[in-house]
Amino acid sequence: MVVSRKYQTLDLALKHILEGFKGLRSKKPFLVGISGAQGSGKTTLTRELQNQLSQPPHNLRVASFSLDDFYLSRDEQANLNQLNHGNRLLEFRGNPGTHDLNLLQQTLDQLGGSNPGTVSIPTYNKIAFCGLGDRNPQHLWTKVQLPIDIILFEGWMLGFQPLSSLALSEMLEKDYAFENHTSCFRNYPSGDVSCMNKKLASYSQLWAQLSTMVMLYPEKLEYIYSWRLEQEPKGGLSSDQVRDFVDRFMPAYELYLKDVCERKGGLLKIVLGSSRNVKYVGYPEFTK
């Protein structure tokens, strides 16, 4: 019998989460990080997990949201651009430094409440301002009833940790091909990359709160381009435009993806092939 790649991934993730949840000793919600590159299927996986966990036989109270829901507002992003004029890594939303971490922490704290009540989770409109995006007004935010058993938190860079100044300098000075293509981070001024690296440090306190993680891990970085292109609606970005879009995220993948460390409760890495099929579960070695 051929098993659907979606359900194969879902079954692996569901088993991992339930095993961790059963061993939970805290009264706080079990916070699960769902990490994966653009187009890897993390949003679909998160939706399917919420559906499965909230229905019999589990009947758990589940909330979910994306790191994308916490992008800076349009005005805040414009101010960030002005303060970092010329830094293309911070020109648009996406990279470390373009999220409202205070709002994210506040939301997590509220979701951890044990008394009955309602929490509003921000939502983001990516097509506002001709695609520049903006946070939705509060009446369009997602309403969640407390208390919560499990929180599913998905994002493309969950678990990424900044490099030391020395390690980053060594990476920037190296001349090597990463994943058989020229490393994208070398296309950006070292100061721009260093700035992104420093801003990533502010995320570490968030990752430390994760109870466990599920990572959809590309066997080859090149797959991300085709995955993202498959997601583009008809009449949307061209192949070259999609490549340019993904190139803005590649420096972070190249610098941080391999070194995502294990989290409390374990880290499940589901390694995906070109068609998002599960190749294996474990820790792959990238080809250099």
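At 16% relative accessibility, R276 is buried (buried meaning under 20% relative accessible area, exposed over 50%, and partly exposed in between, with a 1.4 Å probe and protein chains only). This residue belongs to a predicted model, in which local features need pLDDT of at least 70, side-chain atom pairs count only at pLDDT 80 or more, and totals for chains, interfaces and linings use all residues. Residues are numbered from 1 along each chain as its sequence is written, and side-chain values use heavy atoms, with hydrogens and water left out.

Although R276 is not a glycine, its phi is positive, at about 65°. R276 sits in the loop between strand 11 (267-272) and strand 12 (278-281); helices (H or I, at least four residues) and strands (E, at least two) are DSSP runs, numbered from the N terminus. A positive phi, of about 55°, is also found at C130, likewise not a glycine. The loop that holds C130 runs between strand 4 (124-125) and strand 5 (134-135). C130 is exposed, its relative accessible area being 85%.

Most residues other than glycine have a negative phi, and most peptide bonds are trans. Cis peptide bonds occur at two prolines described here, P57 and P147. The bond joining P56 and P57 is cis, with omega about 5°, and P57 lies in the loop between helix 2 (42-54) and strand 2 (62-66). From L146 to P147 the peptide bond is cis as well, with omega near 0°. P147 is located in the loop between strand 6 (142-146) and strand 7 (150-155).
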